[in-house]
Amino acid sequence: MADKQYDWGAIAKNPKFVELHRKKTTFLVGWWVFSAVFYFLLPIGAAFAPGLFKIKILGRINFGYLFALSQFFVSWGIAIYYAHVANKDFDRLTRELVDEFK
Amino acid sequence: MKKLLAGITLALSLGSFAFAEEPAKAPAAPGAAVTAQTAATAAPADVTGAAKVATPAPAPAEESKTTIKANPMVTIPIFLAIIGVTMCVVVWSAKRTKSAADFYTAGGGITGTQNGWAIAGDYMSAASFLGISGMISLYGYDGFMYSVGWLVAYITVLLIVAEPCRNAGKFTLGDILSFRTEPKIVRAVCAISVVAVSTFYLTAQMVGAGKLMQLLLGIPYKFAIVGVGILMVGYVVFGGMTATTWVQIIKAGLLMTGAAVLSVLVGIKAGMNPFQFFNDIATNPNIIEHVQKTVLKDPVAVAGFDYGQRFLEPGLFMKNPLDQISLGMALVLGTAGMPHILMRFFTVPTAQAARKSVIVAMFIIGFFYILTTLLGFGAAIHLTPQGISAVDKGGNMAAMMLAQKLGGDISPFLGDLLLAFLCAVAFATILAVVSGLVLAASAAIAHDIYVNVIKDGHADQHEQVMAARITSLCVGAAGILIGIAAEKQNVAHLVALAFAVASSGNLPVIVMSLFWRKFNTAGVVSGLVVGTIASIALVMVSPNMTYPKKVAEDAQKVVVKLEEKQATGAMLTAKEMKDLDKAKADYAKNKDGKSMLGLDKPLITLKNPGIISIPLGFIAAIVGCLAFPSRRSEEMFDEIYVRQNTGIGIAKAVDH
């Protein structure tokens with residue numbers, strides 16, 4: 001990879017990069033942890049709170065079914081929200097940074 | 001040299017036999033895991049002493065046929081059409097495959113949406129589409145709960161690995177991991193792990209493919225494997241990633257069409273009313289009888305207990321919570337470490353496209369798993385759990401039978417047509433998944449080991465493509481041989497093993513090389529080796545393996561029970577006589593046996609080792625790299641960090 005040599009250290013210390021990095025880390029780690037906790041509530045809840053899962057909410061449809069279904073919508077929601085933030089903020093910051101070092 | 005490579009491939013593949021050492025049972029037959037459980041302990045809240053309402057006397061389950069056969073007059077043209085279309089794709093893409101980048105990543109020219117469909121096509125194996133709808137049809141709610149993890153897994157892929165990998169990598173996992181480490185050692189270790197994961201997964205798919213074709217079309221197992229194998233090798237060798245991608249896209253489209261049509265038919269039967277649908281499930285006499293007698297094993301119905309509603313509640317199939325959590329961990333972390341999934345992110349031009357492809361894939365996959373509840377519950381209502389398990393104990397034929405039944409209710413031809421269509425979907429599914437796996441395994445061997453370790457990176461485009469084609473051919477041939485050899489083996493746990501290795505071996509080192517400054521060669525090697533070996537070793541001592549003493553004990557129980565019946569003077573039916581003979585033979589054969597590792601019984605109760613092996617993989621990676629710190633790796637962290645976040649330098653890295 002004998003390309004143009006970038007000064008990686010300098011880019012890494014650039015305030016714009018630091019800001020991008022901080023924003024992304026908070027966002028990604030935060031939502032990842034949220035989704036993991038939310039997901040593991042399903043097997044843990046089904047095993048240790050079966051009574052809760054049996055509560056009928058709409059006719060024969062119980063809490064357990066709705067909770068499992070909600071996992072899909074929450075995952076989709078996180079995905080869309082991430083796409084929105086990334087397209088709006090992260091990509092813009094990245095572009096500005098890349099232009100600076102061209 | 002080529003012989004040597006073929007030898008390596010074979011040797012690595014042979015490793016998988018070690019885990020396929022079980023006598024053939026119905027694949028994924030969950031029935032075996034069901035232990036007797038009294039309804040009273042399962043749901044004390046529901047048993048009201050006052051209630052004297054007897055459960056409705058179950059109508060006798062209709063005597064359904066115990067086989068399912070597709071009409072060849074309809075099936076063959078549909079199969080030929082699919083093979084024809086995909087062959088055209090191969091011819092078209094073969095012309096475009098000139099460089100190594102074309103072969104491994106379709107030149108990076110796949111769009112985000114196309115890649116999303118291809119990821120979905122690569123990911124939704126026959127096991128998920130047939131297995132999960134079957135599990136729902138036999139065990140209700142637990143089947144649906146099981147499918148959730150497969151989608152949630154993509155959150156990890158989306159947030160943690162997709163974009164950084166697109167920016168930091170080139171063709172393979174080895175490219176990412178060797179960035180700031182000793183490339184030769186890391187590539188070699190990483191290639192072994194990739195080939196191991198791909199082989200486990202591939203073996204499970206090949207055996208499933210053979211059995212499915214045998215069951216549906218009456219093609220002998222060996223012919224089915226060879227047929228699938230030749231097509232798969234053809235796609236990969238000639239068309240590379242371009243052809244593989246399009247086969248996956250076509251398959252995903254067919255699968256979604258099939259699932260949607262069937263779901264609509266199920267919906268129409270319930271008057272398009274979800275409340276009616278759930279009511280149909282809970283009040284279906286066959287389901288009530290199935291839950292009571294087969295699943296909960298209550299010989300006499302507990303008065304007032306709502307067995308129908310129980311079908312919609314957790315705990316009929318998944319008994320061990322720790323095992324469930326462990327499986328969840330392996331899914332959520334393992335998907336992001338699957339080499340054939342990672343490889344798909346190198347086919348798109350930018351990190352933005354990688355992000356878009358995961359999101360598209362998440363919608364397709366999620367939508368599909370929601371549809372499986374309609375298929376599974378619909379099959380339970382319209383075919384009865386008894387009828388489904390009579391055809392296949394694991395319920396794998398539920399979706400197929402549903403297609404024939406619901407179509408047949410409209411006209412017999414439509415029944416045949418829908419069944420044939422679903423057969424074709426299953427076939428295309430297998431081809432799409434195995435092609436992706438063959439490509440991932442051959443990339444690890446040809447690109448990592450041959451080009452970068454043996455040839456030190458000095459190989460021209462022509463040589464690289466040749467190497468890639470030859471290794472694909474070898475991997476494909478090995479896949480066919482393994483598929484034939486593993487016919488009689490129970491391969492269901494190989495998928496779990498693949499996810500365990502990917503989550504305990506691959507994922508920790510991927511995450512650390514992307515995000516931890518201090519990470520280095522020693523960390524990669526120790527993490528990969530410990531994670532992989534720990535998962536394999538734990539599976540070897542887990543209940544997944546066969547323990548002959550346990551088999552003998554179970555056989556003995558059958559013998560005692562039937563002989564007691566004989567002693568009372570009752571005549572045994574022909575089937576019972578057969579069972580008795582079989583049980584006696586099983587007992588004699590197994591009573592002195594030991595498992596492969598010489599164990600009498602499993603050392604751990606977990607079927608999924610993730611909860612132990614994932615932390616081990618992380619710890620080993622951290623300890624290894626703290627024990628042997630490397631200044632160079634630390635100094636290069638800024639580069640990989642800036643690259644993965646910004647994509648600077650990526651275009652150049654790909655082009656030459």
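**View 1. Helices α5 and α10 of chain B cross at about 75°.** In this predicted model, α5 (residues 112–123) and α10 (residues 221–269) of chain B pack with their axes 7 Å apart. Axes here are lines fitted to C-alpha atoms over the stretch in contact, with angles running from 0 to 180 degrees between N-to-C directions; helices are DSSP runs of H or I, at least four residues, numbered from the N terminus. The pair therefore counts as roughly perpendicular (65 to 115 degrees). On the α5(B) side, the residues in contact (heavy atoms within 4.5 Å) include B:W117 and B:D122, and on the α10(B) side they include B:W246, B:K251 and B:M256. By class, this contact has seven nonpolar, five polar and two charged residues (Ala, Val, Leu, Ile, Met, Phe, Trp, Tyr, Cys and Pro are nonpolar; Asp, Glu, Lys and Arg charged; the others, Gly among them, polar).

**View 2. B:R187 and B:D175 pair up within chain B.** Their closest N and O atoms are 2.8 Å apart, making a salt bridge (a side-chain nitrogen of Lys or Arg within 4 Å of a carboxyl oxygen of Asp or Glu). B:R187 sits in α9 (residues 183–217) and B:D175 in α8 (residues 173–177), so the bridge ties together parts 12 residues apart in sequence. Over all chains, the search turns up 19 salt bridges.

**Notes.** Residues are numbered from 1 along each chain as its sequence is written, and chains are lettered from A in the order written. Local features need pLDDT of at least 70, side-chain atom pairs count only at pLDDT 80 or more, totals for chains, interfaces and linings use all residues, and side-chain values use heavy atoms, without hydrogens and water.

Conventions: Helix = DSSP H or I, 4+ residues; strand = E, 2+ residues; numbered from the N terminus. Parallel < 35°, antiparallel > 145°, perpendicular 65-115°, else oblique.
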